[in-house]
Amino acid sequence: MKKIFFIATVLVMTLWSCDKFDVSNDNPDVALNINQNPELLLTNLQRRAIREAVGGSWSEGNLMGQYGARIVFTSFDLFDWGDQGGAWDSYYSAIRDAKELEKLANANELDSYVAVSRIMQVWAFSILTDMWGDVPFSEVNQASEANHAPVYDTQQDIYTSMLEELANANSILSGSELNAIKGDLLFDGDLSLWRKFANSLRLRLALRLSEVAPSTSSSVISEIYNNPGQYPVMASNDDNAVQTFLAANPDAHPVTEESVYRVGSYNEYRISEHFVTMLQGLNDPRLEFFADPTANSVTLGTPEIVGMLNGVVDGPAYTYQGGDAFLSKFNIDYFYFQANANQARLMLYSEVQFILAEAAQRGWITADAQALYEEGITANFAYWDVAMPADYLTSTGVAFDNTLETIMTQKYINLFYTDYQGFIEYKRTGFPATIEPGPDAFYDVYPSRFEYPSEEESLNNANYTEAVNRMGSDKITTKVWWEN
């Protein structure tokens, strides 16, 4: 009985004490209400989408644009692209978080987060539609409304909406007394840089329509160019949309030793013969930065860079040019051993200059196409911290001749290791014309897109089927709407 009385007394005293001293068991370092912590959503969606873009750029994008090639496990380089369902899921997961952030920000009148969310959504959606074609867009993230089977919007409608969303984001960010944002991995909360990114991205997307809707391309690009106060764009490398990773795992660059990316896996990828031939033909010193001399040539004291041919079947690929020691790796110190030297590139200032140079070359804006082109080259050399030869801009193959091919050659170099952009621009323009299927490729025409994830066919069959019928087929050779 005494024991029972003692326990009851302790319980009463404990309850009274908690009430008296207002003790809380909540951890003050943990966010209990996401409404008060929108930065958590922002950081998470950026981290997810950007790491996907970087990983996809290394393992698929560089091969699709023929910047790199594989010496083993070469099936992807033979056009066994599959549906890339992992990338699809990662981008849509990031978009889901971005839409939740936008909803939260609207409810709490946090306009800055609304604008940033919309810009990130457009960036992610642009990759999805460029790489798959018609995709779910207008009905995404409606599970709470019992919509688990979103329609596939046409790529034309998606592009119309994306251009409008970026214009709207610019308008929001032009306002005064904007709330500060936190958790921003790209620009560390600098809203002026977000505004420049929105307008620069709008230039990229407008130009994508050059062959299918040139009047829209011309109208949007001229509107931005002719009104720099209303539509500021990237004006130097200081404005680049890039993420610098941290020096330690799990926030180091994902394709590095620090992130436990296997060195054996890294060595499976080599700089391509196509890219080496291009850069050597231009006497371009960026080649010596992008790639290492072959191990054999270093041993012999005559260092040289040798590329791997794209589209060679396993076996012969491993012995090409003599094998592993006779083929150049991408700069292993910079791209692999340094944890955060290589940035994630969403968009560079130099790309903006090439976009405007093409617009001037097409007669869409009144500007000096040569000056814009040369500034794009100069800025890209500066970005990689490679000294540009004094005569480079006047050298054969580089000197401005007012042709699209010349502009696109330098833009192609500029887009190295930037998600799928080099491949996408090749499909828009046909340049570089030197990109072609390898000798053992499964198709004799260059593919255009990824197939839809198999889960879509089974779980969203009606909308999937409608999209496939509209596009013509669900093959990697099926052209997307804007394609040249």
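How many residues does helix α5 have, and how far does it reach from its first C-alpha to its last? In this predicted model, helix α5 takes in residues 155–173, which makes 19 residues. From end to end of its C-alpha trace, α5 reaches 27 Å, close to the 27 Å expected at 1.5 Å a residue.

Q155, I158, Y159, M162, L163, L166, A169, N170, I172 and L173 are the buried residues of α5. In general, an α-helix has 3.6 residues a turn, so residues three or four places apart point the same way. The cover over the buried residues of α5 includes the helices α4, α6 and α7 (214–225), along with the strands β2 (135–136) and β3 (152–153).

Helix α4 (residues 111–132) meets helix α6 (residues 191–207) at an angle of about 30°, and their axes lie 11 Å apart. Angles under 35 degrees count as roughly parallel, so α4 is roughly parallel to α6. The crossing of α4 past α6 is left-handed. On the α4 side, the contact is made by S112, V116, I119, M120, V122, W123 and S126, while α6 brings in L191, W194, F197, A198, L201, R204 and L205. Sorted by type, the residues of this contact come out as eleven nonpolar, two polar and one charged.

R208 counts as buried because its relative accessibility is 1%. Beyond its neighbours within four places in sequence, R208 touches D130, Y159, Q421, I424, E425, R428 and W482.

Definitions and conventions:
Residues are numbered from 1 along each chain as its sequence is written. This is a predicted model: local features need pLDDT of at least 70, side-chain atom pairs count only at pLDDT 80 or more; totals for chains, interfaces and linings use all residues. Side-chain values use heavy atoms; hydrogens and water are left out. Axes are lines fitted to C-alpha atoms, for helices over the stretch in contact, and angles run from 0 to 180 degrees between N-to-C directions. Helices (H or I, at least four residues) and strands (E, at least two) are DSSP runs, numbered from the N terminus. Angles under 35 degrees count as roughly parallel, over 145 as roughly antiparallel, 65 to 115 as roughly perpendicular and the rest as oblique. A crossing is left-handed if the near helix is turned anticlockwise from the far one by less than a right angle, and right-handed if clockwise. Contact means heavy atoms within 4.5 Å. Ala, Val, Leu, Ile, Met, Phe, Trp, Tyr, Cys and Pro count as nonpolar, Asp, Glu, Lys and Arg as charged, and the others, Gly among them, as polar. The expected span of a helix is 1.5 Å times one less than its number of residues. Buried means under 20% relative accessible area, exposed over 50%, partly exposed in between (1.4 Å probe, protein chains only).
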